[in-house]
Amino acid sequence: MTAGVAMYAERRARLAAQMQPGAVAVLATAPEVLRNGDSDYPYRHDSYFYYLTGFTEPESVLVLVAARGDAPARAILFCREKNLEREIWDGFRHGPEAARVAFGFDEAYPVDELDAQMGKLLANVPALYYALGHSAALDAQVSGWLKAVRAQGRTGITAPSATHHLSGLIDEMRLLKDAGEQTLMARAAAIAAAAHARAMRFTRPGVFEYEIEAELQHEFRRNGAQFPAYTPIVASGANACVLHYSANNQPCRDGELVLVDAGCEFDGYASDITRTWPVSGRFTEPQRILYELVLQAQEAAFAAIVPGRPYSDMHEAAVKVLAGGMLDLGLLAKSKYASVEDAIADKAHLQFYMHGTGHWLGMDVHDVGPYRDLSLPAHPSRALLAGMALTVEPGIYVRPAEGVPEQFWNIGIRIEDDVLVTEGGCRILSGDAPKAVAEVEALMGEA
């Protein structure tokens with residue numbers, strides 16, 4: 001706990017140091033959301049708020065006051081008061097004073113006092129930082145605070161003269177994962193990898209997609225993951241050609257592949273793994289050919305993940321391999337395209353590979369941070385840095401169409417791993433999830 005408190009305090013200090021001297025930042029956690037009747041969805045904190053506080057209770061707000069002159073920076077928490085009756089129904093609440101001590105805040109107040117306190121905290125400060133447009137409720141509150149401060153103008157009190165978007169500053173901090181974050185992400189990836197292996201062992205002709213999903217969910221919770229990181233995709237046969245398929249209600253048939261995209265959340269950090277395997281336990285020849293092509297594309301992408309190289313290089317490397325395979329296999333006509341470069345220039349590969357090769361990964365499964373360097377002209381792809389985490393997920397999706405070899409129809413394949421950029425290249429966090437053809441077939445054969 002002591003190490004955690006110091007880590008969150010250090011993050012708050014780094015953020016405050018980037019703010020205008022004397023400025024105030026406001027960041028609220030996520031609200032509870034009603035599912036139906038009097039039942040809420042399982043509560044999940046706001047990632048930005050958690051990144052700076054480690055505090056997971058709803059109805060909480062963080063206020064940072066940047067240092068100015070001799071006045072040091074302050075971190076102030078607003079949270080629910082202790083309420084023994086509500087704790088009987090809903091569980092433990094820290095209350096302001098206990099939260100202040102346990103989580104290392106300088107001050108803490110009941111959240112019911114937020115409006116009154118903000119009228120004081122925003123008086124005579126130069127700027128306000130908050131997540132513009134992120135929450136209509138918070139926007140309305142901020143507007144009310146500023147209005148109340150401006151109403152005191154005749155007494156010499158001034159309101160902030162500038163408003164800055166807070167999320168961008170935190171995005172850049174979150175983009176580089178520290179040692180503790182890397183450990184949590186490796187654990188999330190290991191749990192998800194074990195879940196994929198379990199699902200492979202379970203799969204056989206006749207099982208339903210939702211039964212495979214249940215195996216994944218069982219392994220997540222059995223190993224301490226609090227949530228799935230996103231709604232799992234279990235797509236058999238032609239369903240695998242639907243990128244965001246989520247019905248998971250069809251039977252898995254002999255001779256088909258099943259594409260499973262599933263990751264878990266462990267202590268606030270996500271994993272995101274996709275594997276594709278044969279329902280019967282053995283790939284057909286057309287399935288194996290396409291599968292190994294996607295594997296080759298992923299290896300090419302891995303090789304392009306090096307500090308200093310543009311983020312986009314991995315996508316370009318994967319596309320080059322995939323487009324070349326599409327030409328060799330007759331998915332794209334060699335009579336029309338003289339080279340791989342010609343096919344890519346014409347975007348012909350998009351018929352069979354229409355998404356990017358990865359995304360940032362962290363507290364959110366599609367984590368924060370720009371993919372382009374907005375400080376340079378033309379906004380080129382930003383350079384990779386050690387400590388960044390991302391997915392690498394090439395795929396190929398062949399729908400029936402005129403001119404497309406029928407042996408490949410309705411085959412959808414994606415292979416996705418979680419990767420940490422290191423000083424010398426990259427580290428694959430999800431490597432325990434079986435992937436090679438022989439490995440997958442051996443595991444399923446043993447089952």
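1. A quick definition before anything else: contact here means heavy atoms within 4.5 Å. Helices (H or I, at least four residues) and strands (E, at least two) are DSSP runs, numbered from the N terminus.

2. Some housekeeping. This is a predicted model, in which local features need pLDDT of at least 70 and side-chain atom pairs count only at pLDDT 80 or more, while totals for chains, interfaces and linings use all residues. Residues are numbered from 1 along each chain as its sequence is written, and side-chain values use heavy atoms, with hydrogens and water left out.

3. Two bridges link E12 (residues 264-266) to E13, and glutamate 265 sits opposite alanine 270 in E13.

4. H8 (residues 179-202) also packs with H9 (residues 209-222), at an angle of about 145 degrees and with the axes 8 Å apart. The crossing is right-handed (the near helix is turned clockwise from the far one by less than a right angle). Among the residues that meet are Ile191, His196 and Phe202 in H8, and Ile212, Leu216 and Phe220 in H9.

5. Another open sheet of three strands reads E15-E18-E19, with antiparallel pairing. Strands E15 (389-392) and E19 (425-428) stand at its edges, each with a single partner strand, so one side of each lacks a neighbour in the sheet. The twist averages 40 degrees from one strand to the next. Four bridges join E15 to E18 (residues 417-422); leucine 390 has valine 419 in E18 as its bridge partner.

6. Last, the largest pocket: about 470 Å³ of space, lined by 20 residues, with Glu32, Tyr43, Thr56, Glu57 and Pro58 nearest its centre. A pocket is an open set of points on a 1 Å grid over the protein atoms alone where a 1.4 Å probe fits, with protein on both sides within 12 Å along at least five of seven lines; lining residues have an atom within 4 Å of a point. Points are joined across faces, edges and corners, and the volume is the space filled by probe spheres set on them.

Methods
Axes are lines fitted to C-alpha atoms, for helices over the stretch in contact, and angles run from 0 to 180 degrees between N-to-C directions. Two strands pair if DSSP finds at least two bridges between them.
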